[in-house]
Amino acid sequence: VNFNYNTATDSRGLTLYCFTTPDGKESPTLHLNPGDTLVVNVTNRLPVPAQGSSMLLTTNLSAVCGDAYIDPSSVNMHFHGTNTSPACHSDEVIHTLINSGETFSYTLVIPPDEPPGLYWYHPHVHGLAEAAVLGGASGAIEVNGIQNVVPSVAGLPERFIVIRDQVLPDGSPDPGGTVPSWDLSVNYSQILYPAEVPPTVAMRPGEKQLWRVVNASADTILQLQLLYNNVLQPIQVVALDGVPVSSLNGTSQAITYNEGSLMLPPAGRVEFIITGPGTTVNTALLRTMTVNAGPDGDNDPQRNLLYITRSATAPEPNLTVPAVTTAVTTQRFSGLATATPVTTRQIYFSEDNPNSQFFITVQGATPTLFNANLPPAIVAKQGTVEDWVISNRTLENHEFHMHQIHFLLLERDGVPVSPNQQQMLDTIDIPFWSGNPKQAYHTVKVRMDFRGPDTGDFVYHCHILEHEDLGMMAIIRVIP
Ligand SMILES: [Cu+2]
């Protein structure tokens, strides 16, 4: 696929960014098979930045990937959630820079055992990521074959739903109450404060569809609910963060479960079976509930995301999940729950809030703002698994994201999670600290799987991209 990276200013003065194809598709969904090689040629069509705005990214010239200098036009691509190589020209984000006028080629090898499900792509230049993603430069990636692990979705019409956030225009009231920190959009259909009119989708009465939802927000935490006649409907979860749920049970078959309300952090994905409104339903909608992100956090109020209307002649989605084809024989991450970790690491989020400094630190080390010259904060060995306990010492939520591998959620606040919550994820919310010294920090315990083929340097960070841009990221090195 050939992508141009473009910018524009909309009628309200907001700066937009987009990956477009030569025939004009905006951030199209990419459909890949396990084992495929994806070649993406990215040409940066942003205007040449002002002279004097560029600086050398790193003093380690052997690490240069693409351009050596970072400037306001710099972009790169992260293939979020894919279990792919962190090498240059693959899913490398620490040093990869594509500047105005330059073309750079990615060759991403999707492993044959990549879990079938929903992934996404977005720019990941440290310091510029939030603006690019708020501007809209993100798209979905499907790794085909979910029906082979979740046979109940075979033959279902499917919809890809990309939820993004964006800046409110100048002159908007300060966030608080019903005023959001960010506006939302669904498949680029804007839900603008204060009217916040969501788009509408029609379904045939009682029809089942597979909805594949990515929270491609830079900063906004979602809490999804489905309501018919103001009554919560079960969301039948089939996959989280690209991995069919509870599928690492030896049978390679997922065990779906129902949620009434589902938190989807920035970068999170949920795939679920929706049963369309029946003939007695007058109002049907997908919404996000208010998320309390803490006293220092953004304001993420309740908003309707999608109205669902019922029509016997509703047009079907363009895509249908294929019939079951091949039995899955090898699964990434199998045996992780019973593997013995070689170490348990303690990691924490902290802030110097008045100075807008954000940190992620291994306990005992000195909090350090991210830069591309940093040595790895963690060195792990290929072939091992490790347990990480991640805590939040701040007055706002953070969203821990691991590049290159997924992790298994084991515990929250020291207590084992329920079997339904014990899933493979690549991004997880850790709630804010109350500020009361008598109350403990919230924690999660996750199991990292370094048994895969990928070695080298990559990152972990908070996926509220404002925090990542302001320093809340660090490097891990996996050595052979
Ligand atoms: Cu954060």
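## A walk from the copper site to the cores

Let us start at the metal: along the chain, the donors of the copper ion are spaced as H-x63-C-x4-H. Donors here are N, O and S atoms within 2.8 Å of the metal (3.2 Å for Na, K and Ca), and because water is not among the atoms, sites may look incomplete. The three that hold the copper ion are ND1 of His 398, SG of Cys 462 and ND1 of His 467, at 1.9 to 2.1 Å. His 398 lies in strand E34 (residues 398-402) and Cys 462 in strand E40 (residues 456-462), so this pair links distant parts of the chain, 64 residues apart. Strands (E, at least two residues) and helices (H or I, at least four) are DSSP runs, numbered from the N terminus.

Before going on, please keep in mind that this is a predicted model, in which local features need pLDDT of at least 70 and side-chain atom pairs count only at pLDDT 80 or more, while totals for chains, interfaces and linings use all residues. Residues are numbered from 1 along each chain as its sequence is written, and side-chain values use heavy atoms, with hydrogens and water left out.

Buried means under 20% relative accessible area, exposed means over 50%, and partly exposed lies in between (1.4 Å probe, protein chains only).

Phe 400 belongs to the largest nonpolar core, which has 59 residues; Trp 211, Trp 388, Phe 400, Met 402, Phe 450, Tyr 460 and Ile 476 touch the most other members. Strand E18 (residues 222-228) gives this core its largest share, four residues. A nonpolar core is a set of buried Ala, Val, Leu, Ile, Met, Phe, Trp, Tyr and Cys residues joined through side-chain atoms within 4.5 Å. Not counting residues up to four places away in sequence, Phe 400 touches residues including Trp 388, Tyr 460 and His 461, where contact means heavy atoms within 4.5 Å. A second, separate core of 25 residues includes Leu 38, Leu 46, Phe 79 and Leu 108.

Now for the strands. An open sheet of four strands has the order E2-E1-E4-E10, with mixed pairing; two strands pair if DSSP finds at least two bridges between them. Strand E2 (15-20) and strand E10 (103-109) are at the edges with a single partner strand each, so one side of each has no neighbour in the sheet. Strand E4 (residues 37-44) and E10 run antiparallel, joined by seven bridges, and Thr 37 faces Val 109 in E10.

Elsewhere, strand E32 (residues 378-381) runs parallel to strand E41 (residues 473-479), with four bridges between them. Ala 380 stands opposite Val 478 in E41.

Our last stop is the one disulfide found in the whole structure, a disulfide being a pair of cysteine sulfur atoms within 2.5 Å. The sulfur atoms of Cys 65 and Cys 88 are 2.0 Å apart. The torsion about their S-S bond is about 90 degrees, so the disulfide is right-handed. Cys 65 is buried at 1% relative accessibility, whereas Cys 88 is partly exposed at 36%.
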